[in-house]
Amino acid sequence: MLAGIALTLVSLWYGQNHGLMPLEGSEESLPIDSLFNLMMTIGTGLFLLVQGVIVVAVLRFRRRQGDLADGPYIEGNIPLEILWTAIPAVIVMILAVYSFEVYRQIGGLGAMDHAMAHAQPQPQMARLAGAAIAAPLAEASPTSLADAPSPEPVLSDATYQLPGDGPYEIQALGLQYAWIFTYPDTGVVTGELHVPVGREVLLKINAQDVLHAFWVPEYRLKQDAIPGRPTEIRFTPRTAGEYPVICAELCGPYHGAMKTRVIAHSPQEFAAWMQEQQVASASGLEQAIATADPAQRSVEQILAPHIESLGISPEVLQQLHPPMVHAHAS
Ligand SMILES: [Cu+2]
C-alpha cells in the first residue's frame, strides 16, 4: 500500500519534472508537452512497478542455503492474466484518444484537408532566383530604385502591416541543402524563417529535389517536404527568440548541414524587419531585371549603379566596353 502510494507520487512528480523537453516556443508545444508528460508519468510508474517486483522477487524468493526443493507448480491465473491485459489496453486507449485530441487541437486534421483542397503543382522559382542573387547588390545602389519598372511596385516609405485576418502565410522550399522562405504578401525571400509572435503562421512546404522535413524542436512540430506534393504546417509562436530549424529527413550527403533558424519577433519588430527587407528586395528586383536582360541595356547602364562601389572611372569603363559586350554575348 505504502509502496503503491510512493510509486504514484514519484511517477506524478517525475512526469512533470523530467526536464527532457526544450523551451515551449509555440502554442502547439503546450498540449504536446501535456501528452508527453502523461506518457512519462505512466512510463515511470510502469518502470518502477516492474523493476520493483523484480527486485523484491530476487531478494525474497532467492534460493536459501541447503534448499534443494523446487518451487510450487503454478498452471495459470486467469483473473491475474485478465488484469494485466486489461490495464495496458485501457492505458493504450486513453493515450490513443488523448493524442488524437491533441493532434486535432494543433490543427493536424485541418492541415490534411487544406493540403488536399489547395494542392498546387510547383512553387514559383523564377522570381526567387533573381531576388536571391540580387539581394547583395541592393545596398550598393539604393538610388537606382527611382525608374524601376517593377512588376509589383513596393512603396519603401509605406509602413508594413501584417495582413488582416486568417493565418499569416509563408512558403517554405526545401532543397539540397537549404531552406528558402518566401513571404507572399511582400515577395520577400529569406534563408532564415522570420515569424511574428502571437500570430498563427501557415507554412506551405514544398521540396525542389528530394524528400526533406521541416523540424523545429522548440515548436514540437515536424512536417515532410515532398517533391510535387505540397504539405503545410500551422503554428503560433509564443516566445520571441531564435530556434534551430533542422532538416529531419535524410536528403543526401550534406543532410546534416541543412540547418537554419526560425526567428520569432514581436509583431512590431516583425513589421520593422519586413519593411527593411522590402526596401532591400525592391532595389534588388531592379538589379535583377537589369542583369537578367542585357540585350535591352548597354553595359554602361548595367554598370552605372556600381561604378562608384567598384572604384573605376567612366573612362576605364569605356576601354572595357568591347570585351564586356563579348563576355555578355557568349
Ligand atoms: Cu534536407
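The expected span of a helix is 1.5 Å times one less than its number of residues. In this predicted model, α1 has 16 residues and should therefore span 22 Å. The end C-alpha atoms of α1 are 22 Å apart, in agreement. G19 follows α1 and has a positive phi, near 65 degrees.

Helix α2 covers residues 29-60. Its 32 residues should span 46 Å, and its end C-alpha atoms lie 45 Å apart, which agrees. The buried residues of α2 are S29, P31, I32, D33, L35, N37, M40, T41, T44 and G45. These buried residues pack against α1 (2-17), α3 (78-105) and β7 (221-225).

Nine aromatic pairs occur in the structure. One of them joins Y168 and F270 edge-to-face, at 5.6 Å centre to centre and 80 degrees between the planes. Y168 lies in strand β1 (residues 168-175) and F270 in helix α6 (residues 267-292), so the pair ties together parts 102 residues apart in sequence. Y168 and F270 are both buried.

Y177 and Y254 also form an edge-to-face pair, because their ring centres are 5.6 Å apart and their planes meet at 75 degrees. This pair links distant parts of the chain, 77 residues apart. Y177 is in the loop between β1 and β2 (178-183), and Y254 is in the loop between β9 (241-247) and β10 (259-265). Y177 counts as partly exposed, at 24% relative accessibility. Y254 is exposed, with a relative accessible area of 55%.

One aromatic cluster is formed by Y160, Y168, Y183, F270 and W273. Elsewhere, a charge meets a ring: the charged end of K222 sits over the ring of W215, 4.7 Å from its centre.

Notes. Residues are numbered from 1 along each chain as its sequence is written. This is a predicted model: local features need pLDDT of at least 70, side-chain atom pairs count only at pLDDT 80 or more; totals for chains, interfaces and linings use all residues. Side-chain values use heavy atoms; hydrogens and water are left out. Helices (H or I, at least four residues) and strands (E, at least two) are DSSP runs, numbered from the N terminus. Buried means under 20% relative accessible area, exposed over 50%, partly exposed in between (1.4 Å probe, protein chains only). Contact means heavy atoms within 4.5 Å. Rings of Phe, Tyr and Trp (its six-membered ring) pair if their centres lie within 6.5 Å; planes under 30 degrees apart count as stacked, over 60 as edge-to-face and the rest as tilted. A charge sits over a ring if NZ of Lys or CZ of Arg is within 6 Å of the ring centre and within 35 degrees of the ring normal.
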